[in-house]
Amino acid sequence: MSTLSDLVHAQGCLNDEDVEWLHRLAGDGQLLADLAFADIVVWVATSDGSFVAVAHTRPSGAATLFYRDIVGERVRPQWRTQVQEAFDSAEIVDSSSPDWFEETPTRVRAVPILRMRPKEGAKPQVVGVLTRHTNLGEARTPSRQQITFNECADDLFQMTATGEFPDLAAPTSPRRGAPRASDGLIRIDVDGIVTFASPNALSAFNRMGFDDELEGESLVEVTTRILPSTRQVDESLPVVVTGRAPWRTDIEARGVTVSLRAIPLRDRGTRIGAIVLCRDVSELRHQEQELITKDATIREIHHRVKNNLQTVASLLRIQARRTHSEEARDALTQAMRRVESIAVVHDTLAGGLAQKVDFDEVFARVLKLVAEVAAAPNTRAQTQSSGRFGVLPSEYATPLALALTEVVTNAVEHGLAGQEGMVTIEAQRTDQNLRVIVRDTGHGLPEGRVGQGLGTQIIRTLIQGELGGTIDWRGAEGEGTVVTIDLPMRWVNA
């Protein structure tokens, strides 16, 4: 299915600011659908004089009319005149008689979507049309809650037609945990007095310690009463509970956390009250706190592992300096380098919450470590890398870092031993495969055969055994060596 942006840009009639406006309106499509107990469809004009649906939201508390998604479809003939009139006149247009849709009586309202221009004195522009499709087949005597919800929907539709909704002052906060109309709705007047509170909203405040009726009370005073005097209050709370700004905040009392979202209501620029949505998010916030605690614990573990590995590497370095055997010194130096390459991965993991690392950053540090440690006094090696490894999970990054440490070290110590040369590392990543090519300008493979030393065994074990990949050495004596590593990305993308 095409996205809203794709569908709008395909018509070529609107700019990026218009698309952002439609995105914000579509983001509140569920709120409008739930308040109106109706399907909400957003239309934009096409280049040939018709309209195409770019967004559709079904109500969660009423039967939908559109069992199949209509996004991407042209406007139907029975709605086109109404939609065109709303688009041309910039006025709300209601159907004069019930409209029949697939043998179901419906009522249609077409609302022009006006976008206010930031420049002072600039005329608002109609960027689309919103239609409300109400199912009349299940009509029954509306409850007081349904009447209030519909009144709130009408206010928001009127604001949409005058360019006052959506409100660009509203922060684009995460949708996770955002209160919905069905979670709890409070309507307040211009003085902040509650004129209506849904049962779910009243229950949320009851759980925080308010035992009376909300209606007729000042929401500011109620909130002040239930909040503990010792708790620090979010500075945005007074603005939210008075409905003066379209913000979100949390309040917590008696171990219950309620998320509040204010939607100011205006009539052609004059504030007439507000809708305050509320939702009990106690369990959600508890889970988030647990995740933060676990993440902090994991980061601390990585930090301590890194410190321990660096301690081991330091001990190996001290021992290597004190030994008189050249062979033992080389073995200890190689062990130190391997430990330090693993420590680099843990150091990177300790700096972030996710258990994934930017391997390009890790490899840059590993490459510097290898160049410093592996180069002998009579060897001058330059290293150069290209391409991107991208982000890899820790269980993938550690063996890969260690394997590449061995490959580059071999290229410097053996390929370029006693001479000046270059080692290049190229990373080629796709969705299915990661290929790493290591080239050196050194002596090449003696007799064209790969050695059987500890370093080679480590490389084979890590690449083939742990990472499920393949490694290939190619080269001729005196012409350098090319090492090609191919790794499947199925583990990374799983």
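Start by selecting strand E16 (residues 433-440) together with E18: the two run antiparallel and are joined by eight bridges. Helices and strands here are DSSP runs numbered from the N terminus, H or I of at least four residues for helices and E of at least two for strands; two strands pair if DSSP finds at least two bridges between them.

Now colour strand E18 (residues 481-488) by accessibility: seven of its eight residues are buried, where buried means under 20% relative accessible area, exposed over 50% and partly exposed in between, with a 1.4 Å probe and protein chains only.

A word on the ground rules: this is a predicted model, in which local features need pLDDT of at least 70, side-chain atom pairs count only at pLDDT 80 or more, and totals for chains, interfaces and linings use all residues. Residues are numbered from 1 along each chain as its sequence is written, and side-chain values use heavy atoms, with hydrogens and water left out.

**An open sheet**

Select E8, E7, E11, E10 and E9, in that order: these five strands form an open sheet with antiparallel pairing. At the edges are strand E8 (194-197) and strand E9 (248-253), each pairing on one side only. Neighbouring strands of this sheet are turned by 25 degrees against each other on average, direction ignored; the axes are lines fitted to C-alpha atoms (for helices over the stretch in contact), and angles run from 0 to 180 degrees between N-to-C directions.

Zoom in on strand E7 (residues 185-188), which pairs with E8 in the antiparallel sense over three bridges. Ile188 has Val194 in E8 as its bridge partner.

**Backbone stops**

Go to Pro166, in the loop between helix H5 (144-161) and E7. The peptide bond joining Phe165 and Pro166 is cis, with omega of about 5 degrees.

Then pick Phe37, in the loop between helix H3 (29-36) and E1. Phe37 is not a glycine, yet its phi is positive, at about 50 degrees. Ala90, in the loop between helix H4 (77-89) and strand E3 (93-94), also has a positive phi, near 60 degrees. Is Ala90 buried or partly exposed? With a relative accessible area of 25%, Ala90 is partly exposed.

**The end of E6**

Select Asn135 in strand E6 (residues 125-135). Asn135 counts as buried because its relative accessibility is 19%. Leaving aside neighbours within four places in sequence, Asn135 is in contact (heavy atoms within 4.5 Å) with Ala63, Leu65, Thr104 and Pro105.

**Last stop: a cavity**

Which residues line the largest cavity? Select Leu25, Ala26, Gly29, Ile40, Val42, Ala55, His56 and Thr57. Helix H2 (16-27), strand E1 (39-45) and strand E2 (51-57) each give two or more residues to this lining, and E2 gives the most, with three. The lining divides into five nonpolar, three polar and no charged residues.

Technical notes: 1 Å grid on protein atoms, 1.4 Å probe; cavity = no way out; pocket = protein on both sides within 12 Å on 5 of 7 lines; lining within 4 Å. Nonpolar A, V, L, I, M, F, W, Y, C, P; charged D, E, K, R; others polar.
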